[in-house]
Structure formats: C-alpha cells, structure tokens
Amino acid sequence: MALSVITRNVWVLLGHIQRRAFQQSARCVSQAASKAEPAVEENEAVNPTFVNRNPRNLEQMSLAVKDRGWKTIWPHKEFYHRLVFSRTQHHVTAEVFSSSSLDPVLTCSTKEWALKRELPSTNCVAACQAVGEVLAQRCKQAGITRMVYRAIPWSYRSDAVQSFRKSMKDRGIILSEPRRKYIGT
Amino acid sequence: LAPGPLPNQDIDVKNLESLEKYHSYKRYFRQAQEAHNKPVWWHTYRKYVEKANPQVDIGFPLEQPNRTKQVKERKQVMKENKKNMELERAARLWEQTSGPHHIRRLAEHYGIYKDLFPNAFFLPIIPLKVHYGQNSSVHYGNILTPTEAETAPQISFEAEEGTLWTLLLTEHLLDGEAEYVHWMGNIPAGAVQSGDELCHYLPPFPPRGTGFHRYIFVLFKQNGPIDFRDNARPSPHSLEERTFKTVEWYKKHQEHMTPAGLAFFQSQWDASVTHTFHHTLMKEPVFEFIRPPVYHPPQVKFPHRQPLRYLDRYRDGQPHTYGIY
C-alpha cells in the first residue's frame, strides 16, 4: 500500500524535476555539490545544484577539457592519462601520469623489491613483460583503464616494447582515450 | 635587465663546434625532461596552478630497518635468483614495501586527503581488504556498481591481539560535509563483527546524472576504548542525521586514534539506486550537466574578420566569459 503511494509520487516528481542542472565551476575540476536538506519535509527537498568534487568524474564521463594545441611539437598533451615506458641500463620503469600532475600517479619498475626479487634479470624482455602485467593489474585496481601511449618510433618496433604493450592490452587496459563530448555530441 | 639568468645564456654562439654533442636521442630526451621539470624564475602556468599549502602527516611513521643490512640481504637473494630462472608475482610483498606510498599517491590524485582532512595526509601502512561478495573487492579507485555494493562488505586487516580499531565509510559530498554510510567503533583485533556498530550500512546511492562518486573506507587505530555514544545513530535514520564532518569528528578524538588504513572505490548510477531511494530515503532526483559558457575574449573597438553577430555577444550588459576560469 505504502509502496504504490511512493511510486506514484516518484513519477510525478520525475515529470517535474527532469532538468535539475549542476554547474561546472572551473575547467578541469569536477562539479560542486550542494545537497543541503532543510527541515521542511524530512529528506524531500533537494537543492537544485549539485557539485561533484571527484576530480576524476569529468574525465571518466569524457566531459573534461583536454589540453588541445601542441600539434607542432611531439609529444602532444591532449590526454587525460599518459603512459611512459623507459628502459635504462639496469632497470625498466613504467609510469602513468595525469595531465595535471608532475609526479606519476602509478608506477611500476624493476627497482621495487617486490619485483626485483622475482625476476632473474631486471632489464630483459621478460622483465618488461612482468612490469607490464603488474602495472596493468594496479591500473585496473585504481580505476584507470584508458590511457595514451606514444612510444619513440624506432624503439617501438623492439621486442621489449612490443611485449610490454601486448601484456598491457591482454590484461584489459585500453591504450586509447575516449573522444571528448562537445555540445551536440 | 632580467631578474635571473636567461636560458642558454652561457653558450658561445660564435664557437658552436666546440659544444658537447648528444650522440643519441635518449640522452637528449632525458635532459629535456629534467629541464622541463626544473623550477625557473619566470612565470609559468604550473606555478600559477600549484598551491603551496603546508601538509601535515597525521598517520603512523614508517618503520625503516637498517638500510645497509637490507641491501646486503637483497643482493644475496638476487644472486640465487639468477641461477633459478622461474618467474612469479608477489603481491603481499608489494603491500608491505611500496604499497603504502603508491596508495598515498593515488589518494592525492583522487583528492581524498584534500576533502577529508584539509592540509593533512597519512600513509596507509595497514593493508585494508574489503570484499563485496566473491567477485568484487575494493582497492584504490575501483569502479563498482551499486548493485554489487548493496549488502555490507566483509572487511579484513592484520592486527595484533588486544588492539582496538575504528572503521569509517564516508562519501564526501559537499563543501565541508561528508555523508557517512557505515561506521563501527571499538573493533577488537581482526573481528569486525564484534565491534559496536554505531550506524548500520546504507548502500551507496549516487544520483542519476551526477557521474562517479567516491566512497572511502578509513581505518583508525585506537589507543584505548573510546566512548562514541554521542555519535551513535539509532536504526531508523534520516539523511540529515547522517551528515557529519570528518575533520571535526577527528579533531574531537585526535589524541586517541590515528588513521592507518585506506581503501576507496567509485560508483555510478544504477537501477538499484532507485530502489534504495524509494525504500529508505525519498523521491529520486535526476540531474543534468550544465556546460560552462562559451568563451569570448574582451570586446575590441575594430574586430578583425568577425561576423556581424560579434555585437550580439556583448550586448545588454551580459556577464563576460573571459577570466572566469
């Protein structure tokens, strides 16, 4: 009985409150939320504007601004997250950067004791593959599954980079980013 | 007159042959990256965006064993490894060695420290494992559906006998108010079921159209049993009673507890959210995204190559769209 009353109220409300808007306050930052409930009716009144303070919300909905331009230089900066893979003489490092931070968000390298202990050699193709698999698992646990990876062209064809790329893709990381949603898209 | 040395000032332009050559792209690329990240005296976009707020560490200090001994032991293990060519993964080792630092970096990227404790951070040294059923578990930024998170999760963490812990689940919403959906205090070591449940579990309800919300589990270690009776919420609840500020609550009990573990997940709207709204809270709100206004530069007296509707953009005292970002 009470249930049918509630559902009828809900339909009415959806008819009225179809378009409650929430604002974006700045370029890359998420929207703000104001969901105060005055004591008029218990839990019934909702503030019309809602601001979401999750910094990753806009880019996950592909509404955040990408840094366009930079087309005359390499690498470009039009991404939300980028993947950097570097091989030095003794170690192999893979890092994920976001467009707004100097420090990497996620790293995986053979310098960590957890990986170093398991690998016989820290700069071979198998080490690159291991780094790729571990980084893919960490990215999936962190909720970052789409990133841009642009390797230096002549090293891209090497076995190590190919095996790293293959292990990332096999574990479910997509190495391209969604296109941004403009007005009308 | 420049307030500092100009870049490439000390290169002798007339004698370019005497300069040291790079001989490889990699060497140049590495030097270029270091030069890009070096702090400079001229104005950059990075300095404009960076906020230099002093950060305070409110967690436990990390215990580092003697470094030289550690390095010796590790070198021995690596020698033995070289003879044995099999590969394995060790996730447990990561949790103890570099796990806390990685989780802390991710939490800063997600803005969790900024929202929960302004101007403070902590290193989550205790690995906190939260599982919703068989398949879904909460790591650091996972995406879960509200359907999976409908029932209360199973929580496990390593703890010595005799220690007391507090677990808090928040969803930070407003400019200073967090909404807490589940909270247990005075948990004896290891057994989450036998703690005092101060507020029972409310499944996450991200409203439709608002995108992804973060739900944060924080584990505090208590020095002794704490009286949470003024914070206890009885079973029939309302959203108003559930709103509270983590900062104020933590300041009240600051001396008796320290944050030690962290886990968070994201979730979006789902059909089960409608169900939660109707049965527990209220009528379900639906939101739509407002885009920022289209950018127009300041008005110029003689606009070059602009259409006639250029004047419509600045007519009738409309708010200007430059300088709002």
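This is a conversation about selected features of a predicted model.

Reader: Let me start with chain A. How many helices and strands does it have?

Author: Chain A has six helices and five strands. Read from the N terminus, its elements follow the order α-β-α-β-β-β-α-α-β-α-α.

Reader: And what share of chain A counts as buried?

Author: Chain A has 185 residues, and 46% of them count as buried.

Reader: Where is Tyr182(A) found?

Author: Tyr182(A) belongs to the segment after α6 (159–170) of chain A. Its relative accessible area is 29%, so Tyr182(A) is partly exposed.

Reader: How far apart are Tyr182(A) and Val65(A), in sequence and in space?

Author: In sequence, 117 residues separate Tyr182(A) and Val65(A), while in space their C-alpha atoms are 9.8 Å apart.

Reader: Now to the surface. Which residues gather in a patch of positive charge?

Author: The patch consists of Arg87(A), Lys26(B), Arg27(B) and Arg30(B).

Reader: Which helix gives the largest share of it?

Author: Helix α1 of chain B, residues 25–37, gives the largest share, with three residues. Arg87(A), in contrast, is part of strand β2 of chain A, residues 81–87.

Reader: How accessible are Trp74(A) and Phe29(B)?

Author: Trp74(A) counts as partly exposed because its relative accessibility is 34%. Phe29(B) is also partly exposed, with a relative accessible area of 25%. Another aromatic pair, Tyr22(B) and Tyr28(B), is edge-to-face, with 5.7 Å from centre to centre and 70 degrees between the planes. Tyr22(B) is partly exposed, at 37% relative accessible area, and Tyr28(B) is partly exposed at 38%.

Reader: Which residues form the aromatic cluster?

Author: The cluster is formed by Trp74(A), Trp154(A), Tyr22(B), Tyr25(B), Tyr28(B) and Phe29(B).

Reader: What is the N to O distance between Glu59(A) and Arg56(A)?

Author: The side chains of Glu59(A) and Arg56(A) meet in a salt bridge at 2.9 Å, N to O. Glu59(A) counts as buried because its relative accessibility is 14%. Arg56(A), with a relative accessibility of 5%, counts as buried too.

Reader: And how far apart are the closest N and O atoms of Glu118(A) and Arg117(A)?

Author: In that salt bridge, the closest N and O atoms are 3.2 Å apart. Glu118(A) is at 9% relative accessibility and so counts as buried, whereas Arg117(A) is partly exposed, with a relative accessible area of 34%.

Reader: What about chain B: what distance is given for Asp115(B) and Arg214(B)?

Author: Their side chains meet in a salt bridge with an N to O distance of 2.5 Å. This pair links distant parts of the chain, 99 residues apart: Asp115(B) is in helix α6, residues 112–116, and Arg214(B) is in strand β10, residues 213–222. Asp115(B) and Arg214(B) are both buried. Together with Arg53(A), Asp115(B) and Arg214(B) are linked in a network of salt bridges.

Reader: One last topic: which residues of helix α5 of chain B are buried?

Author: In helix α5 of chain B, residues 99–109, the buried residues are Gly99(B), Pro100(B), His102(B), Ile103(B), Leu106(B), Ala107(B) and His109(B). Just after α5(B), Gly111(B) has a positive phi of about 70 degrees.

Note on methods:
Residues numbered from 1 in each chain as written. Chains lettered and ligands numbered in written order. Predicted model: local features only at pLDDT ≥ 70, side-chain atom pairs only at ≥ 80, totals over all residues. Heavy atoms only, no water. Patch = residues over 30% accessible without salt bridge, like charges linked within 9 Å, V, L, I, M, F, W, Y side chains within 5 Å. Areas by Shrake-Rupley, 256 points an atom, 1.4 Å probe, with all protein chains shown as cover. Salt bridge = Lys/Arg side-chain N within 4 Å of Asp/Glu carboxyl O. Lys, Arg positive; Asp, Glu negative; His and termini not counted. Charge placed at Lys NZ, Arg CZ, Asp CG, Glu CD. Helix = DSSP H or I, 4+ residues; strand = E, 2+ residues; numbered from the N terminus. Buried < 20%, exposed > 50% of the residue type's maximum accessible area, 1.4 Å probe, protein only. Phe/Tyr/Trp six-rings, centres within 6.5 Å; stacked < 30°, edge-to-face > 60°.
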